[in-house]
Amino acid sequence: MIRDLFQYYLLQPDGLPKSLAEELLRRYPGNKILAYALCDLDDRQRFTEQWMILTEKYLLMVMSGQNKGAWKVKAFPLLEIEKFEVFDGLSSSSLHLIGTTGKLLASLRYSRRQSRAVSNVQFVAEQKRKQLKEGVAPNELAEDLDPDEEYRDAMLKAIEDAKAMLSMPKLGVMMRLLSYLLPHKGLVIFAFSMAALMACIQLIPPYLTRVLVDDIIRPLEHGKTADPYYWLWLVIGGLALVYTLGELLSFIRLRIMSSVGEKICMRLRQDIYSHMQKLSLSFFSSRPTGTLIARVSSDTDRLWDFLSFGIIDIGVSLLQMIGVMAALFLQDRSLAIFVVLPLPVMIVMFYMHSSKIQVHFLRIWRKWSAMTAVLSDVIPGMRVVKAFAQEEKEVDRFNQKNRAVEEEAQILHKHWTRFWPMVVMLMHTCTLIVWVIGAPRVILNITSKGAEGIPLGVFLAFIGYMWMFWAPVQHLGMMSRVINRVTTSASRVFDVLDTIPSIVNKPDATTPPSFDGKVLFENVTFTYDGVRNVLKGISFDVKPGEMIGLVGTSGSGKTTLVNLLCRFYDVKDGRICIDGCDIRDMKITELRRQIGVVLQEPYLFHGSIAENIAYGSQGVSLRNIIAAAKAANAHEFICGFRDGYETIVGERGQTLSGGERQRISIARAILHNPRILVLDEATSSVDTETEKKIQEALQHLVAGRTTFAIAHRLSTLSAANRLFVLEKGKLVEQGTHAELLAMADGVYAKLHRTQVELQANVAV
Amino acid sequence: MNANQNMPEKENTADEITEHVDLFRREDGRLVLRYESDGKPVETPIRVACCFPWAHREKLISLRDDKGRELRLVETLAQLDAQARQLIMEELNSAFFVPLITEVKSIERQAELFLWRVETNAGPRNFLTGHDEHPRTLPNGRVLIRDVSNDLYIIDDPKTLNAKSCKLLWSYLD
């Protein structure tokens, strides 16, 4: 299975060749293979198979030799490698191995797809070398790596991520879509029987024609019919009845199915949206918002047509075809053959046409999205367009894309308008053939006084059935395209529903009581990719109500640390406890209800200021909203608005300045009244004056709550009881501002010095 | 958008270009630039960056140190001496290598992903492209394709490929 994936998508081996692994074990006994990667480019820029293999003591470069099964091995003892240097190019990278003498030992080249695996090997090699040198096991390295698994995971990651958007085979999608009909199966079966009944009833009118001609009108010529008007009205009455019944049935069916279809779509939308809410943040960071919105809205809407009408139409068309075919053969076998004969030809024609049209649909769809891309690109940037007076140019740009859509659509129309007359022509040809063969036989029937040939009525009925036969054929032809479109939409919808949330409640998760706010990190280790530890054995203890400042350069793990506290991710090793209880044993929503977060970029939803402040808190009084706004230093400017607290802030809160938005989000956090508070660079995007106001607001917010504050500007952490200094995922220093400054060589002292110098420069 | 059209008209920089670029390859494989700074000779290992890797591969090449500071901007390779040109070309070829597609064998659609089977100047290759990553036609008519692992592929001129490749490509080109 995995081998197939590698062959199919990557055209490369799914792991180190067995024979090679065995040979290496023979040549380097006792040297377990720890990690390996493929370097797929040689120095003449050709794809090749070169393995980079890390064992306990050596880094091996293995090229496949001239003969199959022969390997050329170059071994570099780890202790003789000084460093690795990676040079990233446009679409390929090279890894240089520099020896302890400063010489280039080897240069390995590989395309992008290998880089994850290669960098894993490099990382493990560096750690191993350190271990060999210093004799201690490094805690950066995850334990018990399975080299095959790491290689496969690294190679398939990109494909798997892309495939998360891709779904199962088409039939699977179809069956799944049909399963949504199950809850309504009574109604669906009823509607289907109505439609089937209608198909049967439609078979009657041509038969009545036959009766009218053969049993009433023609015998009349010989004076054989008694009371012809009685029979005539009876037949016409019958026709009227059939038509009325038909309309009624079709009315019932349409009414039922359109409402069932709408119900299913509503359920799909509901399912998909509520499922999205359960998914972790990483799901949203990897997908453009636009496509997610399209899945909830337009994709589900496309399914409505198909669920409401398509499914039953297909069933009924098939039934109709079979029924009409039977009727044709019952009327006249020899003629019926001429009608059925072109069917295979038509199926082939439909198939070819639909695949051709499919390409055009794809092209139109692309041009269409290029056109909408101009819109979504330019509309938010309207200020820039106006500032540079580029309105006309933008209109041109749009028109260009718009015209491309039109041109492509014209080509499509040319195709199908050419195709359908051809189909109809084929039908007419068959009709003509039937006339050519059938009509003389009707005359023969009359001249021979009914001894030979076909009676006129039978022939007329036959012609009627023949036209009825073409309708479902055409219909099914058109359906093939609809099915194509629907499966695409459905698989996009199911793709979201199939994504499994990475953080879930334990079955026995409890609702914690109101927190005191004692936070304990016990040897916490975390990794995003499974190989590199981002946090390494972090332990600390925070007392209730204490304010902790998190300090460190970017990438040191500050944000990861608070993400773990909010349980956006789960720790890999160790545990995080609040009031002595592991956060993994708590219900996620209950945990987060007691944690408040103020982010660098506050997000306000479309709605009034009051609604935004009350977001996340239930049943709060207006007085409390105002109290929170006052505490957040926001009351004054809110009252300055004409609409007061009922001022509507736009989608992105555009009517407010950055500082105002931040103060509203602080008011939101105050009202939410969390026991534990996370401030993620809450003051970094505003001017000094505003920062002062925000600082005041934060002081109200922080009072009495356990607080973790991340800040780049160390001055903003002056209120912190203790500072934690993180460096490369480790907690390197902790203490008060004064204590940390006292360590002249400390990380914090250095950081502080640089910032003071920077400010001094600004002041000059 | 065509980057060239929007570029301000280039001034005559003939004086700068005739400058000699002193390059050599060190034993650790690095390309090193020798120059004078404050009257003292300096040797700095450099990396090469192309300002317009798709439209002008051999023009406006930035020589930078490991921290990304530009030491020299080479206007055009043609005006360098043979040795320096050779060394920079080597570096460019290795850093800016992108397989050139010579034949498209199949493009298989899987819901919204596309699996390409192609022949390139570096050998046969299969790759997968995402649903929103379509071949991009560059201003100079070349076609650039990016796969899910961010590997790039280029087609010099789609019209010169064989008939089958053209036909397969057609529906994905603008």
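**A sheet, an interface and a helix pair**

Let's start in chain B. There, strands line up in the order 6-7-8, giving an open sheet of 3 strands with antiparallel pairing. Remember that this is a predicted model. Which strands stand at the edges? They are strand 6 (101-110) and strand 8 of chain B. Each has a single partner strand, so one side of each is left without a neighbour in the sheet. From one strand to the next, the twist averages 15°.

Now zoom in on one pair. Strand 7 and strand 8 of chain B are joined by 7 bridges, in the antiparallel sense. Find B:Trp116, and you'll see B:Phe127 of strand 8 of chain B opposite.

Next, the contact between chains. On chain B, 30 residues are in contact with 34 residues of chain A. Helix 3 (82-95), strand 7 (113-120) and strand 8 (123-129) of chain B each give two or more residues to that side. Strand 8 of chain B has the largest share, 5 residues. By class, chain B's side has 13 nonpolar, 11 polar and 6 charged residues.

Last, over to chain A. Helix 6 (residues 185-201) packs with helix 8 (residues 228-278) of chain A. The angle is about 155°, and the axes are 9 Å apart. Over 145 counts as roughly antiparallel, so that is what helix 6 of chain A is to helix 8 of chain A. Their crossing is left-handed. Who meets whom? Helix 6 of chain A brings residues including A:Leu187, A:Phe190 and A:Met194. Helix 8 of chain A brings, among them, A:Leu245, A:Leu249 and A:Arg253. The contact divides into 16 nonpolar, 2 polar and 1 charged.

Terms used:
Residues numbered from 1 in each chain as written. Chains lettered and ligands numbered in written order. Predicted model: local features only at pLDDT ≥ 70, side-chain atom pairs only at ≥ 80, totals over all residues. Axes fitted to C-alpha atoms, helices over the stretch in contact; angles between N-to-C directions. Helix = DSSP H or I, 4+ residues; strand = E, 2+ residues; numbered from the N terminus. Parallel < 35°, antiparallel > 145°, perpendicular 65-115°, else oblique. Left-handed = near helix turned anticlockwise from the far one by under 90°. Contact = placed C-beta atoms within 7 Å. Nonpolar A, V, L, I, M, F, W, Y, C, P; charged D, E, K, R; others polar. Pairing = 2+ DSSP bridges.
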